[in-house]
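Subject: Structure for your review

Dear colleague,

Please find below the structure that I am handing over to you.

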Amino acid sequence: MDEETMDHSILLNVDEKMEQNSKSIEDNLFDEIIGHIEDILLEDEFNAIRQKFLDDYWNVFEPIEENKLIYTNIFNEYNKTVENYIVNYLERTVPHFNLDTFLNYLNNKQNELEGEVFEVLSTFTNFMAFKEMFLDYRAIKEGKVEDLSNGIFVTSFKPSNINNKESFR
């Protein structure tokens, strides 16, 4: 191998490693942001915002193909409210957070993503997912589907006898 070919080969390896490092940094930042969004989804305040929209508008949405103009107004209001909440949170917790960069990265990875976080995110980027959220809630409210969230119980593995101090050991 002559010297010029060897130099070119070294440059290619350096470029590939720099690209891998750049992707690794982007992936790590993306994962960090998704972790923060998971935290947001558990917050009472965030859930109260979503629940208020569902309670206020569930009866407006109908399970028909045609979309009413009012749906767009509700969708825009929901987007503004939820997006502001999430963006404000992320701007406080993630240095140099940029929504456009995050949404672009999210869009590029869309086919790889699954889970509750991405379902929630899709409700303010995808109108049909948003409408489906309301139709699902409507079905629960009308008793067409059982609300399974009431059947979830959290119990401790430790005995809860407060009078017996030995039970805490």
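The notes below cover the cavity, the salt bridges and one tyrosine.

This is a predicted model, in which local features need pLDDT of at least 70 and side-chain atom pairs count only at pLDDT 80 or more, while totals for chains, interfaces and linings use all residues. Residues are numbered from 1 along each chain as its sequence is written, and side-chain values use heavy atoms, with hydrogens and water left out.

Cavity

Rolling a probe the size of a water molecule over the atoms shows where empty space is left. The structure contains one cavity of 30 Å³ or more (a cavity is a set of points, on a 1 Å grid over the protein atoms alone, where a 1.4 Å probe fits but cannot get out; lining residues have an atom within 4 Å of a point). The largest cavity holds about 40 Å³ of space, a volume being the space filled by probe spheres set on the grid points, which are joined across faces, edges and corners. Its lining consists of Ile86, Val87, Leu90, Phe97, Leu99, Phe102, Leu103, Leu121 and Phe124. At least two lining residues come from each of α3 (69-93) and α4 (99-108); helices are DSSP runs (H or I) of at least four residues, numbered from the N terminus. The lining has nine nonpolar residues, no polar ones and no charged ones (Ala, Val, Leu, Ile, Met, Phe, Trp, Tyr, Cys and Pro count as nonpolar, Asp, Glu, Lys and Arg as charged, and the others, Gly among them, as polar).

Salt bridges

Four salt bridges were found in the whole structure (a side-chain nitrogen of Lys or Arg within 4 Å of a carboxyl oxygen of Asp or Glu). One of them joins aspartate 56 and lysine 52 at 2.6 Å, N to O; both residues lie in helix α2, four residues apart, about one turn of the helix. Lysine 52 is exposed, at 53% relative accessibility (buried means under 20% relative accessible area, exposed over 50%, partly exposed in between, with a 1.4 Å probe and protein chains only).

A network of salt bridges links Arg138, Glu142 and Lys144. Glutamate 142 meets arginine 138 at 2.9 Å, N to O, and lysine 144 meets glutamate 142 at 3.2 Å, N to O. Arginine 138 is buried at 16%, whereas lysine 144 is exposed at 63%.

Tyrosine 57

Tyrosine 57 belongs to helix α2 (residues 44-57). Leaving aside neighbours within four places in sequence, tyrosine 57 is in contact with Ile74, Glu77 and Phe134 (heavy atoms within 4.5 Å).

Yours sincerely

Definitions and conventions:
1 Å grid on protein atoms, 1.4 Å probe; cavity = no way out; pocket = protein on both sides within 12 Å on 5 of 7 lines; lining within 4 Å.
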